[in-house]
Amino acid sequence: MKINEVEQAIGITKKNIRFYEQEGLLSPSRNLSNGYRDYSEKDLETLRQIKLLRKLDIPLEEIRRLQSGNLTLDDCLRRHLIVLDRKQSNLEANKKFCHRLLSENAELNNLQFENLLTEIENLEKGGTKFMDIQRGDKKKRKTGAFLGALFGILFMAAFLGIILWGAVTESAPQLPMLLMMAVLLIIPILGIIGTITALKERLKEIEGGELDEASKY
């Protein structure tokens with residue numbers, strides 16, 4: 001079965017199927033005639049298994065241990081229930097804090113931010129988890145992606161400028177030299193196009209790429 005058919009049959013995107021393959025959770029065979037992946041019924045059952053466990057928010061590492069036989073489903077679920085109870089407790093603390101602000105008819109301009117943040121920090125020290133704003137900071141990741149792409153483009157542009165400068169200063173270049181310059185010009189141009197394409201893909205990934213996408217299953 002081809003990956004498009006698997007996507008339709010299981011309801012998991014091709015992107016996530018490939019992601020699970022990269023993570024070693026799925027190992028489809030390849031068609032010897034064309035080299036394409038050939039998914040068997042066993043592979044489909046494995047994907048159904050992964051989808052169910054991810055729907056329950058079982059981590060990928062736990063699924064890997066289940067598949068290898070290093071963890072039983074019983075132990076996995078018992079441990080996961082402890083994690084879910086902790087998450088529920090954290091959500092209840094968060095809800096309680098919000099309800100308290102509502103009951104006090106709090107206004108944004110009148111909030112004692114420093115006192116409230118100190119109170120939250122004290123709760124976190126006691127084990128309660130609130131939102132980690134650093135984890136979801138996409139702006140920093142986007143800035144890093146832009147800077148990396150800018151560096152690559154500037155490097156290629158400098159290389160391109162050197163080639164053009166050489167072509168201008170060369171008096172009546174011969175045909176072999178012209179052909180070599182043409183080839184050398186193509187390299188930085190393709191590099192710039194590739195860098196821009198990679199940047200676009202990276203920005204898509206930051207907004208919800210393979211890891212974030214796969215976390216839905």
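# Close-up views of a predicted model

**View 1. Asp57 in the loop between α3 and α4.** Asp57 is found in the loop that lies between α3 and α4. The model shown here and in the other views is predicted. The phi of Asp57 is positive, about 70°, although this residue is not a glycine. Most residues other than glycine have a negative phi. At a relative accessibility of 32%, Asp57 counts as partly exposed.

**View 2. Asn105 in the loop between α5 and α6.** Asn105 lies in the loop between α5 and α6, the latter covering residues 113-125. Asn105 is a residue other than glycine, and its phi is positive, near 50°. Is Asn105 buried or exposed? Asn105 is exposed, with 63% relative accessible area.

View 3. Helix α2 covers residues 14-22. Which residues of α2 are buried? They are Asn16, Ile17, Phe19, Tyr20 and Glu21. Gly24 follows α2 and has a positive phi, near 80°.

**View 4. The largest nonpolar core.** This core has 20 residues. The members that touch the most other members are Val6, Ile17, Tyr20, Tyr39, Leu47 and Ile63. Helices α1 (3-10), α2, α3 (41-55) and α4 each supply at least two residues of the core. Which helix gives the most to the core? Helix α3 does, with four residues.

**View 5. The contacts of Ile17.** Leaving aside residues up to four places away in sequence, Ile17 touches Ile3, Val6, Glu7, Ile12, Leu26, Tyr39 and Leu47. Ile17 is one of the buried residues of helix α2.

**View 6. A salt bridge from Arg79 to Glu62.** Arg79 and Glu62 form a salt bridge in which the closest N and O atoms are 3.4 Å apart. The structure holds 11 salt bridges.

**View 7. A salt bridge from Asp74 to Arg78.** The side chains of Asp74 and Arg78 meet in a salt bridge, with 2.8 Å from N to O. These two residues are four residues apart in helix α5, so about one helical turn separates Asp74 from Arg78. An α-helix has 3.6 residues a turn, so residues three or four places apart point the same way. Asp74 is partly exposed, its relative accessible area being 44%. Arg78 counts as exposed, at 54% relative accessibility.

View 8. The closest N and O atoms of the salt bridge between Glu92 and Lys95 are 3.9 Å apart. Glu92 and Lys95 are three residues apart in helix α5 and are separated by about one helical turn. Glu92 counts as partly exposed at 41% relative accessibility, and Lys95 counts as partly exposed at 44%.

**View 9. Ile189 and Ala157.** Ile189 is in helix α8, residues 175-208. Ile189 is partly exposed, with 40% relative accessible area. How many residues apart along the chain are Ile189 and Ala157? They are 32 residues apart along the chain, and 8.1 Å separates their C-alpha atoms.

Note on methods:
Residues are numbered from 1 along each chain as its sequence is written. Side-chain values use heavy atoms; hydrogens and water are left out. A salt bridge is a side-chain nitrogen of Lys or Arg within 4 Å of a carboxyl oxygen of Asp or Glu. Buried means under 20% relative accessible area, exposed over 50%, partly exposed in between (1.4 Å probe, protein chains only). A nonpolar core is a set of buried Ala, Val, Leu, Ile, Met, Phe, Trp, Tyr and Cys residues joined through side-chain atoms within 4.5 Å. Contact means heavy atoms within 4.5 Å.
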